[in-house]
Amino acid sequence: MGFSSGGGRSGMSEINVTPLVDVMLVLLIIFMVTAPLIQQGVKVDLPEAKAQAIEEKDSDLLVLAIKADRSMYIGDAPVSLEELEEKLKHNPKAQKQKELHLHADRSLDYGFVVDVMARVQNAGIPAIGMITDPVERQMKDAKPAKGKR
């Protein structure tokens, strides 16, 4: 038999990096998938350009309306920003459904609307639906009247 001198097996002089690369790629994929789920913030499903109409079964949901002057209404009842969270915590309809429709004026700044949405979530309502005008209505409102200049 042709053993090398020293009577033992000779060790490999090169490291096989293929398993290391495989493990690193799997870890990279895991981090890429889980990183967006870890982010903190208010969950918002942004509407697309053409929104579908609200179904009849959803029309009985509680609506939080915010006017351009930042006045807010739960249904028809006025509410201030400071008491919003507390009123929603003690509203049996909101706590039962755990969902709310938000109808905010387009002239409101983004930070204010996000603050309202955070307060709604702090009140224990995780699902917030954004109500928008249909595209056809927006297009009709944007068209100038014919014959007038």
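Student: Which residues in α2 are buried?

Tutor: Leu81, Leu84 and Leu88 are buried in α2, where buried means under 20% relative accessible area with a 1.4 Å probe, protein chains only. Helices here are DSSP runs of H or I with at least four residues, strands are runs of E with at least two, and both are numbered from the N terminus. This is a predicted model, in which local features need pLDDT of at least 70 and side-chain atom pairs count only at pLDDT 80 or more, while totals for chains, interfaces and linings use all residues. Residues are numbered from 1 along each chain as its sequence is written, and side-chain values use heavy atoms, without hydrogens and water.

Student: Where do the buried residues fall, seen down the axis of α2?

Tutor: An α-helix has 3.6 residues a turn, so residues three or four places apart point the same way. In α2 the buried residues fall within an arc of 10 degrees, so they line one face of the helix. The arc is taken from the directions from the helix axis to the C-beta atoms.

Student: What do the buried residues of α2 pack against?

Tutor: Their partners are β1 (62-66), β2 (72-74), β3 (77-79), α3 (92-97), β4 (99-104) and α4. Contact means heavy atoms within 4.5 Å.

Student: At roughly what angle do the axes of α2 and α4 cross?

Tutor: Axes are lines fitted to C-alpha atoms, for helices over the stretch in contact, and angles run from 0 to 180 degrees between N-to-C directions. The axes of α2 (residues 81-89) and α4 (residues 110-122) cross at roughly 30 degrees and come within 8 Å. That makes α2 roughly parallel to α4, a term for angles under 35 degrees.

Definitions and conventions:
Angles under 35 degrees count as roughly parallel, over 145 as roughly antiparallel, 65 to 115 as roughly perpendicular and the rest as oblique. Buried means under 20% relative accessible area, exposed over 50%, partly exposed in between (1.4 Å probe, protein chains only).
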